[in-house]
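Student: I have a structure open and would like to go through it piece by piece. Can we start?

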Amino acid sequence: MTVRCPSLSQLPPAPLGKNGWPWTVQSNQLTDTAADGSEWPRLTIVTPSYNQAEFVEETIRSILLQGYPNLEYIIIDGGSTDGSLDIIHRYEPWIAYWISEPDDGHIYALRKGFARATGEFLGWQNSDDYYAPNVFGEVAQSFKKSYRIDLVYGNVRIVDHAGQQVDEMRFVPASYWTTLLETINIHNQAAFFRRSLWDRMGGITIVDDPSFDYELFIRALREANSRFIHRTLGNYRQHPGSITFSGETDHTDPWVFRRQHLGRLRHLPRWALRPVTWFSCARRALWYAILGDWDYLLRGLRRRVLGYPG
């Protein structure tokens, strides 16, 4: 089942005291057809959920209030007991599929959700993170501009428990080698895949490591032609219950994944690959300058070179 994203007036009212996006503000409602007269492609968003009642409604509303005409929304809940299901029930008319049952965790839920997805384009948003407004239409237009574009992504705000910005991650046009040897340049909170790319690269293959997304984006960039949208598309929440920020999970050293993808170069010592890493850092700094992100570039230099806080 796909739906046209509802308007603000069609959704349950925002909880008392909640204002702004996505509580009392909505995205622009897109026309039924794109500017070229064609139908908007089906977009599937998957949300893995478990005991995030404090945040999941914001996630859901940020997806449903995108004004997009052809949305398939899937929620895979791991058996929440904190009131999350009551919230999901309230938005059930606009959810293509949802289920709540014990599972093996976050990655299992994602794989389960994507197995049901029928969209031409795919993305996922965790139940404590949320999209910026007016994202889906811009992303769909980016894909429509060229059939060769397989991956579209943008910048990410880091927000606190209350949704206030505490930091940000600005990116640049990514490449396979720079992502492999320097850092992850894409985050799921602001990333979208063409379905053919997802199928071609085999989707999520790491099932027992919270760093699965780094390995996923390495494989994606090896296969994909990507397009970077130079604005914030998603919000990444920093709070004690977050998988990333809680400190309760062990993340694999990135070099484990890197060596898996280096082929015949995998036995080289790290120092031998440092020139490539330095080149990657210089490339990223140049892109920040080209994009006009001088403030972000200077803050990064203060942190890395001088050891000052941002």
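Student: Where is Pro22 found?

Tutor: Pro22 is found in the segment before β1. Helices (H or I, at least four residues) and strands (E, at least two) are DSSP runs, numbered from the N terminus. The peptide bond from Trp21 to Pro22 is cis, with omega near -5°.

Student: What should I know about the model itself?

Tutor: This is a predicted model, where local features need pLDDT of at least 70 and side-chain atom pairs count only at pLDDT 80 or more, while totals for chains, interfaces and linings use all residues. Residues are numbered from 1 along each chain as its sequence is written, and side-chain values use heavy atoms, with hydrogens and water left out.

Student: OK, β1 then. How many of its residues are buried?

Tutor: Seven of the seven residues in strand β1 (residues 43–49) are buried. Buried means under 20% relative accessible area, exposed means over 50%, and partly exposed is in between (1.4 Å probe, protein chains only).

Student: Which residues point one way from β1, and which the other way?

Tutor: Leu43, Ile45, Thr47 and Ser49 point one way, Thr44, Val46 and Pro48 point the other way, and all are buried. In a regular strand the side chains alternate between the two faces of the sheet.

Student: Which strands does β1 pair with?

Tutor: β1 pairs with strand β2 (residues 71–77) in the parallel sense over seven bridges. β1 also pairs with strand β4 (residues 121–124), in the parallel sense over four bridges. Two strands pair if DSSP finds at least two bridges between them.

Student: What stands opposite Pro48, and what stands opposite Leu43?

Tutor: Opposite Pro48 is Ile76 in β2. Opposite Leu43 is Phe121 in β4.

Student: What unit do β1, α1 and β2 make?

Tutor: With helix α1 (residues 56–64) included, they make a right-handed β-α-β unit. A crossover is right-handed if, with the strands pointing away from the viewer, the path from the first strand over the helix to the second runs clockwise.

Student: New topic. How many salt bridges does the structure hold?

Tutor: The structure holds 17 salt bridges. A salt bridge is a side-chain nitrogen of Lys or Arg within 4 Å of a carboxyl oxygen of Asp or Glu. Side chains of opposite charge can pair when their charged atoms come close.

Student: Which salt bridge does Asp295 make?

Tutor: The side chain of Asp295 meets that of Arg170 (2.8 Å, N to O). This pair links distant parts of the chain, with Asp295 in helix α10 (residues 294–306) and Arg170 in the loop between β7 (165–169) and α5, 125 residues apart.

Student: Are those two buried or exposed?

Tutor: Arg170 is buried because its relative accessible area is 12%. Asp295 is partly exposed because its relative accessible area is 37%.

Student: Where do Arg219 and Glu215 lie?

Tutor: Both lie in helix α7 (residues 212–223), four residues apart, about one turn of the helix. Arg219 has a relative accessible area of 6%, so it is buried. Glu215 has a relative accessibility of 5%, so it counts as buried.

Student: Which residues are linked in a network of salt bridges?

Tutor: Glu120, Asp150, Arg194, Arg200 and Glu223 are linked in such a network.

Student: Last one. What does the side chain of Thr178 make a polar contact with?

Tutor: The side chain of Thr178 makes a polar contact with the side chain of Ser175 (2.7 Å). A polar contact is a pair of N or O atoms within 3.5 Å; within protein, one must be able to donate a hydrogen and the other to accept it, and residues adjacent in sequence count only if both atoms are side-chain atoms. Thr178 is in helix α5 (residues 176–181).
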